[in-house]
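Here is a quick tour for someone meeting this model for the first time. Take a look at the sequence and the fold, then read on.

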Amino acid sequence: MKKIIFVFSTILLSLSLSTTAYSTSLEKNLIKGVKFLDDVSEVEWYKVEGKSVIIGWKGLPKFFPHTNRKAAIRGSISTGREVHVWSVRSTAKNWSVGSGKSYICFVSAINGRVKNGNCKR
């Protein structure tokens, strides 16, 4: 019985460690993919939560929908996964996915192609 518990505990521990490592790797690659946002003057901040990028805008640039789509596309290419980009006002630093709070728009992309979204000017 002790062997079964030990084996089961070992499997659970290894799964949780590999999931954490995978998550960290995914987020690092996602940050690399959207690094161009550092050069967009209207972006005050951005953060990565899992497979989502949240962008805090301090104004809306001329190419606002294009910038969101570009972030989603580049993020999906850099991770090889579906990526969601959420745009919020720069004052909403505590905004998180699923919080029920309002956002400006979202875009999802997978395999370098926009899947869906509602970012329009």
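## Ground rules

This is a predicted model, so to read it: local features need pLDDT of at least 70, side-chain atom pairs count only at pLDDT 80 or more, and totals for chains, interfaces and linings use all residues. Residues are numbered from 1 along each chain as its sequence is written, and side-chain values use heavy atoms, with hydrogens and water left out.

## A hairpin to start with

Strand β1 covers residues 43-49, and β2 covers residues 52-57. Helices (H or I, at least four residues) and strands (E, at least two) are DSSP runs, numbered from the N terminus. β1 and β2 run antiparallel, paired over 6 bridges; strands count as paired if DSSP finds at least two bridges between them. One of the bridges links V43 to W57 in β2.

The two strands make a hairpin with 2 residues between them. In that turn, G50 has a positive phi of about 65°.

## Two nonpolar cores

A nonpolar core here is a set of buried Ala, Val, Leu, Ile, Met, Phe, Trp, Tyr and Cys residues joined through side-chain atoms within 4.5 Å. Buried means under 20% relative accessible area, exposed means over 50%, and partly exposed is in between (1.4 Å probe, protein chains only). The largest core has 20 residues, and L37, V43, V53, I55, A71 and V85 have the most contacts inside it. β1, β2, α2, β3 and β4 each supply at least two residues of this core. Apart from it lies another core of 6 residues, including W45, I54, W86 and V88. In soluble globular proteins, nonpolar side chains tend to be buried together.

V43 turns up again when you look at contacts (heavy atoms within 4.5 Å). Beyond residues up to four places away in sequence, V43 touches L37, I55, G56 and W57.

## The helix α2

Helix α2 has 16 residues and reaches 23 Å from its first C-alpha to its last, close to the 22 Å expected at 1.5 Å a residue. That expected span is 1.5 Å times one less than the number of residues. Among the buried residues of α2 are F64, A71, A72 and T79.

## S52 and H84

S52 sits in β2 and is buried, at 6% relative accessible area. Setting aside residues up to four places away in sequence, S52 touches L30, K47, H84, W86 and V97.

H84 belongs to strand β3 and counts as buried because its relative accessibility is 16%. Which side chain does H84 join in a polar contact of 2.6 Å? The partner is S108. A polar contact is a pair of N or O atoms within 3.5 Å; within protein, one must be able to donate a hydrogen and the other to accept it, and residues adjacent in sequence count only if both atoms are side-chain atoms.

C105 and C119 are joined, S to S 2.0 Å. The pair links distant parts of the chain, with C105 in strand β4 and C119 in the segment after β5, 14 residues apart. C105 is buried at 1%, and C119 is buried at 12%.

N111 lies in the loop between β4 and β5. Is N111 buried or exposed? N111 counts as exposed, at 64% relative accessibility. Its phi is positive too, near 55°, in a residue other than glycine.

Conventions:
A disulfide is a pair of cysteine sulfur atoms within 2.5 Å.
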